[in-house]
Amino acid sequence: MGFEIFDLAGGGLRGVEKGMRLAIYPGSFDPITNGHVDVISRAASLFDEVLVAVAINDAKQGLFTMEERVEMIRAATGRFPNVKVVAFEGLLVEFARKQGAVAVVRGLRAVSDFEFEFQMALMNRKLEPAIETVFLTPREEYTYLSSRIVKEIARLGGPVDAFVPGPVVEGLRKRLRMGG
Ligand code: PNS
């Protein structure tokens, strides 16, 4: 088992001070949506620190590079002083344990999310019983949002301004104009 952490673009990992309750919010974030930002804001009000952790998955080619995803998340979450963004590779629970996290946060939009999330939460608990999975539901208006559907709308020339933060709208425009 192993993990590697990449502090892309020098945002700086502060480490967790004693007594601080750190939560990890992992995901692909290809790209971050307003639903993700909503979950991040809820987590930021519940925990002392939230580490948004972008999973590096070589087997899954995304639209955006890891650096771009991290940058867009940083731009979209800069207003939350207790939120940091990093990329990581390897097992989530091992990464979370090494960071000193008490919880993994996941967003739950609809029943269709449940089966996969339930399986992942139980497997993560089996691997690392000390780390809880906490499910947060975004605002109703975001329950139908997903990175995949946003990319499809953007690819087909539809408006995505209401669904993703400004820097992502720009990123999608640039990438799709480039034919990516
Ligand atoms: O945004 P996503 O694609 O739903 O996020 C899934 C993610 C990245 C959280 C999940 O694939 C993950 O935790 N990957 C890290 C590798 C790992 O620990 N896999 C075992 C999960 S039980």
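Start your tour by selecting helix α4, which gives the most to the shell around the ligand, with 3 residues (helices are DSSP runs of H or I of at least four residues, strands are runs of E of at least two, and both are numbered from the N terminus). You are looking at a predicted model, in which local features need pLDDT of at least 70 and side-chain atom pairs count only at pLDDT 80 or more, while totals for chains, interfaces and linings use all residues. Residues are numbered from 1 along each chain as its sequence is written, and side-chain values use heavy atoms, with hydrogens and water left out.

Next, show the residues around the ligand, among them P26, K60, M120 and N124; here "around" means having a heavy atom within 4 Å of it. This shell divides into 6 nonpolar, 4 polar and 2 charged residues.

Now pick out S28, where a side-chain N or O atom is 2.5 Å from a ligand oxygen. Move on to L92: one of its polar backbone atoms is 2.8 Å from an oxygen of the ligand. Then try R106, whose side chain has an N or O atom 2.9 Å from a ligand oxygen. Of the 550 Å² of accessible area that the ligand has on its own, the protein covers 71% (areas use the Shrake-Rupley method with a 1.4 Å probe).

For your last stop, select K151 and D30, a salt bridge with its closest N and O atoms 2.9 Å apart (a Lys or Arg side-chain nitrogen within 4 Å of an Asp or Glu carboxyl oxygen). K151 lies in helix α5 (residues 147-155) and D30 in the loop between β2 and α1 (34-46), so the pair ties together parts 121 residues apart in sequence. The structure holds 13 salt bridges.

Note on methods. Polar contact = N/O pair within 3.5 Å; in protein donor to acceptor, adjacent residues only side chain to side chain. Nonpolar A, V, L, I, M, F, W, Y, C, P; charged D, E, K, R; others polar.
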